[in-house]
Amino acid sequence: MATSNNQVIIVGAGHNGLIVAFYLAKAGLRPLVLERRHIIGGSAVTEELHPGFRCPTVQHSLGPMIPKVVADLQLEKNGLGMITPDVRVFAPRLEGPPVCLYQDASRTARALETISSHDAKAYPKFLSSFAAIGKVLEPVMSMTPPSINEPAKESLWELAKLGMKFRGLSKKDAFRLLRWVPMAVADLAAEWFETETLRAIIAARGVYCSLAGPWSAGTSSGLLMQAALNGNAIAPSLFVKGGIGSLTQSIATSATAAGAQIRTGVHVKSIQVDGGKVSGVVLSNGEEIAATTVISNADPRSTYLNLLDPVELDPDFRMRIHNYRCMGSSAKVNLALSDLPEFIGTKSDRAIMAGRIHIGPEIDYLEQAYDAAKYGAPSPHPFLDITIPSLTDPSLAPQGGHVMSIHVQYTPFKLKSGDWNLHRKALGETVIKTLSEYAPNVNGLIIAQQVLTPLDLEEQFGLSGGHILHGEPSLDQLFAFRPLHGWAQYRSPIKGLYLCGSGTHPGGGVTGAPGFNAGREILKDLKA
Amino acid sequence: MNSKSKYDVVIIGGGHNGLVNAAYLARAGKKVLVLERRYVLGGAAVTEEVFPGFKFSVASYVVSLLRPEIIRELDLPRHGLEILPLDGTFTPMHGNYLWRVNDHAKTLREIARHSKLDAEAYDEYGKAMVEMGRFVKPILAMTPPDPTTLNLKGLRDLLFLGRRFQKLPYADQYNQVQLMTMSAVDFLDQWFETDVLKATMSASGIIGTFLGVRSPGTAYVLLHHYMGEIDGAFRSWGFARGGTGAISNAIAGAARELGVEIRTEAPIAKILLQRGQAKGVVLENGDEINASVVSSSVDPHLTFIRMVGKENLPEDFVEDINRYKFRGSSGKVNLALDGLPDFTCLPGNGKHLRGAISISPSVEHMERAYDDAKYGRFSRRPYIDMVIPTLTDPSVAPPGKHIMSCFVQYAPYHLKEGTWEEKREPFGDTVIDTIAEYAPNIRNLILHRQVLTPLDIEQKFGLTEGNIFQGELTLEQLFFLRPAPGWAQYRTPIRNLYMCGSATHPGGGIMGAPGLNAAKMILADWKRGRI
């Protein structure tokens with residue numbers, strides 16, 4: 001039974017869904033956002049892991065958000081406090097001093113000088129090359145990918161502008177851009193640097209959340225996307241006061257202030273279609289809500305394969321969505337700690353731990369971690385991307401205590417033997433063991449531990465295959481091909497049904513760009 | 001010797017591309033000289049009597065990609081080219097096998113024995129690949145545009161490509177995008193469920209590359225090999241009667257008839273420059289040969305770093321050439337046999353021995369072979385592609401004897417431990433052990449064995465790092481990026497020096513397209529007065 005006559009429904013209150021809600025509300029519509037969990041935020045949430053210890057459950061850094069969204073939603077006025085620690089990435093090593101990259105380029109170059117003067121010299125050049133290329137690519141993030149068969153006039157114009165910008169690049173950078181797109185990130189890193197750990201830090205961004213190793217072709221494109229977002233190819237350390245969940249809270253504040261409605265604890269079971277047009281949604285409690293527009297913040301697989309009756313989609317289309325690669329490769333381990341751990345070679349320097357901590361000292365280490373996943377086993381020595389958010393925001397833990405958020409790769413969703421319920425405990429142990437090699441005292445500090453396997457990510461967060469990015473960020477699934485060639489304009493084969501999540505251009509990470517772009521396209525249709 | 005006399009064009013290397021280049025230039029009335037370092041023509045497309053009475057296609061062993069217009073225009077059959085079809089692919093397994101043959105209905109029945117669904121998909125797949133091949137073919141004959149300095153022609157070429165793509169039916173567009181970017185296994189996973197079928201098909205995606213069947217980008221190489229064409233029939237593979245060298249000899253015959261002069265055992269020391277322009281070559285024996293144009297069919301490392309010299313080239317260009325990836329990944333084992341191998345899964349001397357025999361029993365076998373190479377060792381259980389040409393062409397061995405050519409992957413040029421000098425025989429043993437898992441009698445049949453490591457391939461054939469395609473066929477080294485950004489138009493930073501080998505678009509294999517495309521570019525430049 002219909003209990004509301006809201007015309008626009010947004011399925012899922014992740015950051016992208018909430019951003020769409022804001023833009024639609026601002027345009028005078030009254031969108032209703034339905035969130036399955038008891039809290040909003042999707043993968044960008046802060047939750048209590050142990051009494052008094054609050055931790056970013058899944059994602060721990062901003063992408064960053066595209067500036068237009070931050071400005072339009074007045075997020076800073078609505079409670080968003082950003083934290084940018086001086087350290088961008090710190091990588092402890094078993095042998096030799098740690099490699100540390102700071103926000104400040106010249107400070108980084110000075111620090112690298114003690115490790116390799118070649119790399120110290122190359123680093124500023126690396127940054128400026130990516131900065132130049134990033135500038136050209138920046139508009140790509142906030143554009144709607146063109147339809148290749150029937151390009152709209154605006155998108156041709158946008159492409160022409162892009163072409164002009166491209167021609168403004170030096171010939172060297174122009175060719176770099178073309179060459180790098182399909183390249184293996186290990187090759188790219190080796191072209192610039194000789195220090196293995198530095199290469200590995202760079203490569204890590206190319207394989208983040210992806211079922212690919214640094215030797216997989218196309219992994220350099222992740223660096224180009226990162227450069228497009230903030231002019232730098234290295235993983236960003238951009239945190240939020242109160243944890244990343246505060247970001248989605250502030251987006252929700254903006255959206256509701258503009259007139260959107262949000263309901264939590266409501267599970268959309270299916271999207272109803274009538275004569276090729278959306279007619280509403282049905283909740284798991286049987287409640288029906290009529291709607292003429294439904295916008296899905298869920299990933300493409302679950303939107304098309306779980307929420308829609310198969311008869312509503314062309315079998316070829318369904319088959320292609322079925323082939324959309326969405327097998328998660330990552331897990332999360334979150335820890336409540338009684339004190340700060342000490343990493344080897346740091347002489348209890350607290351500040352050095354404030355950004356990202358990278359465990360994965362060599363390209364081969366990362367590749368071997370991936371090898372295991374290829375054959376359906378979790379990495380025996382995983383790559384870890386760690387943050388200690390309580391270090392820059394003490395409010396997240398009781399006095400003296402800390403929370404540690406560990407992104408773990410690789411943990412293939414599909415295991416060759418057994419299932420994740422059998423492997424969960426072992427995964428936690430592997431992570432702690434690996435971490436202990438670099439921070440020997442960590443074991444004695446653990447008060448509580450949360451392990452989220454890819455299966456947990458699927459079940460608790462509704463991420464198909466446990467894929468944090470809503471699908472592989474590989475070349476065949478990016479830009480005009482995300483999620484599918486011909487369906488990259490946020491629209492779907494069902495009239496009135498749209499996608500707005502990370503499974504659309506420009507993909508995952510906490511950037512807000514998919515929501516921003518989807519909002520623009522949907523409003524175009526609604527106004528027409 | 002007329003070493004002082006001036007030629008219009010001197011061509012470095014008598015491989016198939018150098019010879020094609022020569023023939024087309026001579027056909028347009030140019031006075032052409034081809035210089036080959038070895039005693040025999042053909043480069044990697046060569047037949048040699050390695051052991052008395054046994055004539056091996058030492059390196060390249062099957063043919064499929066040779067452009068039909070070259071065969072036609074140079075009238076190669078009249079010059080002795082005869083291609084004998086290769087009948088299918090046989091993949092032995094433990095207790096089973098997969099045997100695909102040229103008879104389509106039979107192949108479908110065989111695949112249905114493994115999976116009914118796959119048999120249905122196989123038809124669809126074949127049709128889709130033919131469509132993809134049709135789309136890509138004109139690109140092979142095209143000079144890649146330079147996207148950073150688009151002139152009218154470049155823009156027109158890009159638009160031409162865009163339009164062609166737009167005209168494809170949606171399903172083909174979708175496939176095309178996937179082919180250009182995906183891994184062979186990911187691509188095949190969408191069509192098939194039978195592991196051995198995927199493993200064997202994906203093998204053609206990795207030949208000559210330092211990539212695994214799960215590496216993105218390998219699906220494209222799948223197509224590259226699918227485009228094989230013999231007498232206009234798509235994707236048939238074959239042997240040349242008399243071995244692969246017969247192809248080179250036929251092209252050389254055609255070239256000579258057109259007036260090309262060819263010299264063997266004429267190694268080149270350097271390319272002669274005068275005021276930054278190429279004006280000829282100097283042989284290792286000190287002879288100078290003058291020519292208006294030098295066209296090099298050897299790889300960019302040899303051409304630029306060895307023969308031109310870094311000091312004569314722009315710094316950025318040298319950097320690009322040094323970055324160009326070779327990474328040889330394959331070896332070759334040539335066997336002289338006293339009889340035929342007997343496969344446990346299908347005993348006897350049946351027709352299954354007449355085609356390719358592929359040791360690719362599972363995707364995991366393929367991928368693990370690659371994993372070894374990634375960390376700098378040869379595969380403990382390699383992928384092997386074998387042919388027994390004596391079953392089709394008995395002329396290449398003494399009566400009753402056979403030769404078996406085994407292409408082996410992976411054998412990385414750069415070893416983590418030891419040298420190829422030490423590892424040559426252990427590598428050969430590994431290959432024999434792997435074959436013996438499926439055909440145990442092989443050990444007792446071997447009369448002679450020649451093991452070619454990537455180092456041997458480099459030294460013997462002048463292929464840097466032993467890469468059989470003169471550089472990896474990865475996306476960042478294809479089309480307008482092959483061999484270097486901005487230099488994909490067969491021209492070089494040295495005026496009157498051109499490239500015409502596999503290191504230029506569209507890349508390696510016995511295709512002849514680089515030699516032909518380069519000849520067109522040289523002739524066009526001549527007309528334009530650039531030369």
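Two strands pair if DSSP finds at least two bridges between them. With that in mind, β13(B) and strand β14 (residues 288–296) of chain B pair in the antiparallel sense over three bridges. Helices (H or I, at least four residues) and strands (E, at least two) are DSSP runs, numbered from the N terminus.

This is a predicted model, in which local features need pLDDT of at least 70 and side-chain atom pairs count only at pLDDT 80 or more, while totals for chains, interfaces and linings use all residues. Residues are numbered from 1 along each chain as its sequence is written, and chains are lettered from A and ligands numbered from 1 in the order in which they are written.

**Confidence**

- The model has an ipTM of 0.92 and a pTM of 0.94.
- Chain B has a mean pLDDT (the predictor's confidence in each residue, from 0 to 100) of 93, and 97% of its residues reach 70 or more.

**Hairpins in chain B**

- Strand β12 (residues 268–274) of chain B runs antiparallel to strand β13 (residues 277–283) of chain B, and six bridges join them.
- Q274(B) stands opposite Q277(B) in β13(B).
- Two residues lie between β12(B) and β13(B) in their hairpin, and R275(B) in the turn has a positive phi of about 45°.
- The hairpin of β13(B) and β14(B) has four residues between the strands, and there G286(B) takes a positive phi near 95°.
- V281(B) has I289(B) in β14(B) as its bridge partner.

**The seven-stranded sheet of chain B**

- An open sheet of seven strands in chain B has the order β7-β6-β16-β17-β18-β15-β19, with mixed pairing.
- Its edge strands, β7 (97–100) and β19 (446–452) of chain B, each pair on one side only.
- On average, neighbouring strands of this sheet are turned by 15° against each other, direction ignored.
- Within the sheet, β17 (residues 383–387) and β18 (residues 402–409) of chain B run antiparallel and are joined by five bridges.
- V387(B) stands opposite S405(B) in β18(B).

**Domains of chain A**

- An automatic or database domain assignment gives the bounds: domain 1 (8–42 + 64–81 + 244–324 + 464–527), domain 2 (104–230) and domain 3 (326–461) of chain A.
- The C-alpha centres of domain 2 and domain 3 of chain A are 27 Å apart.
- Domain 2 of chain A and domain 3 of chain A each give 16 residues to their contact, where two residues are in contact if their C-beta atoms, placed from the backbone, lie within 7 Å.
- Helix α8 (residues 196–207) of chain A gives the most to the domain 2 side of this contact, with eight residues.

**Two crossing helices in chain A**

- Helix α4 (residues 117–141) and helix α9 (residues 221–230) of chain A have axes that come within 6 Å and cross at roughly 80°; axes are lines fitted to C-alpha atoms, for helices over the stretch in contact, and angles run from 0 to 180 degrees between N-to-C directions.
- α4(A) and α9(A) are therefore roughly perpendicular to each other (65 to 115 degrees).
- Residues of α4(A), including F130(A), I133(A) and L137(A), meet residues of α9(A), including L224(A) and A227(A).

**Where the chains meet**

- Chain A brings 29 residues to the contact and chain B brings 30 residues.
- On the side of chain A that touches chain B, α6 (171–180), α12 (315–323) and α13 (363–374) of chain A give two or more residues.
- Of these, α6(A) gives the most, with six residues.

Definitions and conventions
Angles under 35 degrees count as roughly parallel, over 145 as roughly antiparallel, 65 to 115 as roughly perpendicular and the rest as oblique.
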